[in-house]
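We'll go from the overall arrangement to the contact side, and then to a few individual pairs.

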Protein chains: 2
Amino acid sequence: MRRVAVAGVGLTPVREHWESSHRDLFAEAALKAFDEAGTDEIDALYVSSMGSAILQRQLHLGAMMADVLGKRGITALRVEAASASGGVAFHEGVKAVASGLNDCVLVGGVEKMSDVLPGEVTSSLAMSEDQEYTAYTGVTKTGLSAIIHRHYMERFGVEAEEVAAFAVRGHEHAVGCPHAQYPFKISVERLLASPMEADPIHVLECSSIGDGAAAVLLRPAEEVEDGVEVASTAVATGIYNLTGRPDILTFDSVREAAARALDASGVSHGDIDVLEVHDDTTITGVISLEDLGFVEKGKGAAYVAEGGTARGSELPTNTFGGLKARGNPLGATGLYQIVEVALQIRGDAGPCQVDGAEVGLAQSAGGLGSTCAVTVLRRG
Amino acid sequence: MRRVAVAGVGLTPVREHWESSHRDLFAEAALKAFDEAGTDEIDALYVSSMGSAILQRQLHLGAMMADVLGKRGITALRVEAASASGGVAFHEGVKAVASGLNDCVLVGGVEKMSDVLPGEVTSSLAMSEDQEYTAYTGVTKTGLSAIIHRHYMERFGVEAEEVAAFAVRGHEHAVGCPHAQYPFKISVERLLASPMEADPIHVLECSSIGDGAAAVLLRPAEEVEDGVEVASTAVATGIYNLTGRPDILTFDSVREAAARALDASGVSHGDIDVLEVHDDTTITGVISLEDLGFVEKGKGAAYVAEGGTARGSELPTNTFGGLKARGNPLGATGLYQIVEVALQIRGDAGPCQVDGAEVGLAQSAGGLGSTCAVTVLRRG
């Protein structure tokens, strides 16, 4: 296996981009990555997108985006694993270069959620859950998170304020981040005064609708100077339906993917300087922290509330705001996380910089933890 | 790179399976492949499906099907490249085993098209074309094929009867095939008397709506006795919109993928004993024969009409009926082709057997030739 490095990254701000189509956003991110890498000579393209069949009535984004980039002839395809699509596509792209089958691979994610029919985003999100056993009931994905959230508070005697801290921390970190959708602070009080999205989850605990694209150019490590090396990637799945799980407060896929990725990289928890976790709501962020192995089960919310994830702490987490404040353009989100970890390791994180970051981990979840992709990057 | 072999295959009949869901069909094909291979110890699952977001309101089929098979924890994801999804997923699965990153990979495709809302299949097919430049006009995919079909007849002075021969041959070959959707002969006269789907394409020149699943289990070649070896796979893309192509009668992606796959395998055209091409309509079958390099441009229809693709000919093509007569369950179709080539090489093709078949090629197209996957298999 060849070692693989990130030769360039690109992203668009997460916004309601009313004047850009998904091809525009994809091209913007891709061209930035080409520019950084000093090459556009890709031989494969992995596109991650979740909802385009519903939101844009568009499939076949691999061939489409290859054409948009003028890269006709190359291998191109779309990878989909719900909101983990970006992390999973990265895994496939790394495999392509590591194996020697490709020499220069672009992995790009895009989602365009703002100018669509009412209800279609909620509907697309529900499609990450089982239509025959769960989604047909009409429950939303946030509704399912609410069951987890309430159960968590009750079992571990956790207060709403403690879980809410995850979103408050994300907003703190997003301040000054040019690509964040909501780069301003919110208070716990304001969050708890916001309307209920699905009791006990408040609107300000949920990631929201946003458009964006992120891209990473991968090359063999020996061809990239001063690069960021891919230490490991892993993708794991868990029991699909919440009703089938022995414990709905544990995401087995996160545990499995983290164990595999850390084992393969030789990196230990204590080595991680910067962490990006999948907080599509506050509670999934908290549980991810725990199942990744950084905090004991049931202690995650208190850990965040006490400052454990702050930029100056031992475990700076969601350093550009996370899904909540940077934004969550579904199929692109996993790649935003990876780009952000790369920026930290390069020292290019501007006001979001974590001093001396050398090793980072990004965790992307599909559905309610039924797929998890974990990526470990380190200074090359 | 390790050599990779097909350790087991499985498929369901292509039918209107009103009493089976897509998970039922997927499981049936997968369990057959496990049974043949004598193992179900997979460490990765690639699922190909095209239309499930629209047809079943279901995304995230990787995690879902891993769970259906009881394979929680494994790496699982969905690959989508319109109707080439099956061939492209196979390419990814082969890469996973060839690289040594996985040791036992199931690639399974599924599509469930019969019990859906009216118009949704046509609508899903149109999503393989560009929504902003082409599909928004309301043109169907068959409508676009009709432009190609008429232009082909006019430029090369070809008669409707000659193009029709492609479908007639497919039906001849499907006779006796237990998994074919339409295992009976049709005549050129009957075809030309059938209603126009999109002038000059008759209904009996089009592949139709069908449900099915096909699966292939891949392992390192040295661990498979008497297996079928994967000689090579290649995926290429072409100009996305017909309006952007210098010649709409040439599918560049097919030329490129064929050149790469043949080059990588060391197999030449003359070595191919059995061929499966993507005939979603008669004309795409004809053009595929040409762009794969087996017949001169403009001569494909006559070649078929004169018997060039018959079972006893030098180039037995679509030996179980092809998309037209075996059926075309979109995301699974590319895997049906690969399973069929494997059955031929193993000598397990029953009444469809091509005597002495040792090397075969399968070609799967997404959109109107904007993606092409080519797979070459040979006796192991």
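By what turn and what shift along the axis can chain A be laid on chain B? Keep in mind that this is a predicted model. A turn of 180° with a shift of 0.0 Å along the axis does it, and the RMSD comes out at 0.0 Å. The two copies are therefore related as by a two-fold rotation axis.

Now look at where they meet. On chain A, 60 residues are in contact with 60 residues of chain B. Of the interface residues of chain A, 100% are also interface residues in chain B, so the copies meet through the same surface. Putting the chains together buries about 4700 Å², and carbon and sulfur atoms give 52% of that area.

What about polar links across the interface? There are 46 residue pairs in polar contact between chain A and chain B, counting pairs with both residues at pLDDT 80 or more. Several elements of chain A each put at least two residues on the side that touches chain B, among them α1 (22–37), α4 (85–98), β8 (228–237) and α9 (252–265). The element that gives the most to this side is β3(A), with six residues. Sorted by class, the side of chain A that touches chain B has 25 nonpolar, 20 polar and 15 charged residues.

Stay with β3(A) for a moment, and find its counterpart in the other chain. β3(A) pairs with strand β3 (residues 75–80) of chain B in the antiparallel sense, over three bridges. Zoom in on A:Glu80 here: its bridge partner in β3(B) is B:Arg78.

Next, the charges. Side chains of opposite charge can pair when their charged atoms come close. Between chain A and chain B the count is six salt bridges. For an example, go to A:Glu120 and B:Arg57, whose side chains meet in a salt bridge at 3.8 Å, N to O.

Over all chains, the structure holds 48 salt bridges. One of these sits inside chain B, where the side chains of B:Arg346 and B:Glu36 meet at 2.6 Å, N to O. B:Arg346 lies in helix α13 (residues 330–346) and B:Glu36 in helix α1 (residues 22–37) of chain B, so this pair ties together parts that are 310 residues apart in sequence.

How values were computed:
Residues are numbered from 1 along each chain as its sequence is written. Chains are lettered from A and ligands numbered from 1 in the order in which they are written. This is a predicted model: local features need pLDDT of at least 70, side-chain atom pairs count only at pLDDT 80 or more; totals for chains, interfaces and linings use all residues. Side-chain values use heavy atoms; hydrogens and water are left out. Contact means heavy atoms within 4.5 Å. Buried area is the accessible area (1.4 Å probe) that two parts lose on being put together, summed over both. A salt bridge is a side-chain nitrogen of Lys or Arg within 4 Å of a carboxyl oxygen of Asp or Glu. A polar contact is a pair of N or O atoms within 3.5 Å; within protein, one must be able to donate a hydrogen and the other to accept it, and residues adjacent in sequence count only if both atoms are side-chain atoms. Helices (H or I, at least four residues) and strands (E, at least two) are DSSP runs, numbered from the N terminus. Ala, Val, Leu, Ile, Met, Phe, Trp, Tyr, Cys and Pro count as nonpolar, Asp, Glu, Lys and Arg as charged, and the others, Gly among them, as polar. Two strands pair if DSSP finds at least two bridges between them. Copies are superposed by least squares on the C-alpha atoms of residues with pLDDT of at least 70 in both.
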